[in-house]
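Trainee: I would like a close look at a single part of this protein, and then at how the rest is arranged around that topic. Please keep to what can be read from the model.

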Amino acid sequence: MTDIAWIDLALASARPKALGALLRYFRNLDTAEEAFQEACLRAIRTWPEKGPPRDPTAWLIFVGRNSGIDAVRKRAKLQALPDEDTISDTEDAESDIAGRLDDSHYRDDILRLLFICCHPDLPATQQIALALRIVSGLSVTQIARAFLVSESAMEQRITRAKARVAKAGVPFETPSPEERAERLTIVSTMIYLVFNEGYSQADPKHEAAAFSDEAIRLARLMLHLFASEPELMGLLALMLLQISRRPARFSAEDEIVLLEDQDRSLWNQPFINEALALLDKALRHRRPGPYQLQAAIAAIHSRAKRAEDTDWVEIDLLYRALERVQPSPVVTLNRAVVVSKLHGPQEALDLIDPLGEKLGGYFYYHGLRGGLLKQLGLTRQAREAFDRAIALAHSAAEAAHIRRQIDKMQAEAAQPVAK
């Protein structure tokens, strides 16, 4: 690995910890980002010549903090500086910072950094963009390409999101155990949003496809910081089980391949093994949560050598538990798939029909409903549901999948009835 490649990797790895600490020092996101960028530029200039520091993260915090203080002084000019406690700690030595990184408080720096990306007033796409820009360090150009918008439009979105976050006034005091648990829940949701944004892409070369890998990296980081949190174990296990199926989810023609039709020999077994071990460890805590239950459902699919070996009864029980823990029409919709396997399409249809008002704008609701109506021989109603699903499709692959269902239904209807 070249010096530059190693430095890039070190800077990316250190970014959440260093930026989180600088945010705590300066209590201003823009100042913290500028300070971190200046530290990175200095690292690129000096590390190849002088060699890497003993602790790159501590070095970046130390240099970034001093650079940030200089920038504050230049901007302030004749204005008095804020109190020292506001813009920095009283410790000055890099070794002191390195020692403090081993303390538990820096966990809250990173948690806060992620938490600010999850402001409830921000749309999901802005939360994802903000996290990828601030925490992961992706360029505005990369994020814009992934969301298929211009660079200037994405820059404006991120700027507006940062302004809204600044007005929100995120607290910098050490959170209580209850507040920390609430933040972990919110941050986990945002990480899973990032994952799904990438997981939905058919083209592995699409910019957004890498978001899934970034979400897994963030989940690993959070689990390293909060190693005894079973829901973080469940979240990471769930994403690993889902990403393990990535090589089999789309055909060579970029067509969606349903789970029951996938070539399971293509699934990534090391990811599955890691996920199953994580899930077993999480469940031993006896504090089941939504991510653990979803991971347990995915694990049953992963353990089945063939689609027909799937334990649908156990999956139904897990979905019922998930409905109790996290009531949601989407969860009920997913359980309807299981009900159709166990009790037939009519019972599944009866289960989802009351969800129409809440899920009327949801692609998967109309896709499943069309499939159930098709199984019941109700061709006209099925076509209406399929047409609605196509109108709501998020990608060309989703729309094409529904069109194939329509073509198959029409072909079956055109066959002469045997006498």
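Which residues does threonine 332 touch, not counting residues up to four places away in sequence?

Mentor: This is a predicted model, and the contacts below are computed from it. Threonine 332 touches Glu323, Leu351 and Leu355, once residues up to four places away in sequence are set aside. Threonine 332 sits in helix H16, which covers residues 329-343. For leucine 355, the separation from threonine 332 is 23 residues in sequence and 8.6 Å in space, taken C-alpha to C-alpha. Threonine 332 has a relative accessible area of 14%; the cut-off for buried is under 20%, so threonine 332 counts as buried.

In soluble globular proteins, nonpolar side chains tend to be buried together. Here the largest nonpolar core has 100 residues, and Leu60, Ile191, Met222 and Met239 have the most contacts inside it. Helix H1 gives the most to this core, with 11 residues. A second, separate core has 23 residues, including Leu349, Leu359, Leu368 and Ile390.

Isoleucine 4 belongs to helix H1, residues 3-26. Its relative accessibility is 45%, so isoleucine 4 counts as partly exposed.

Conventions: Residues numbered from 1 in each chain as written. Predicted model: local features only at pLDDT ≥ 70, side-chain atom pairs only at ≥ 80, totals over all residues. Heavy atoms only, no water. Helix = DSSP H or I, 4+ residues; strand = E, 2+ residues; numbered from the N terminus. Buried < 20%, exposed > 50% of the residue type's maximum accessible area, 1.4 Å probe, protein only. Core = buried A, V, L, I, M, F, W, Y, C linked by side-chain atoms within 4.5 Å. Contact = heavy atoms within 4.5 Å.
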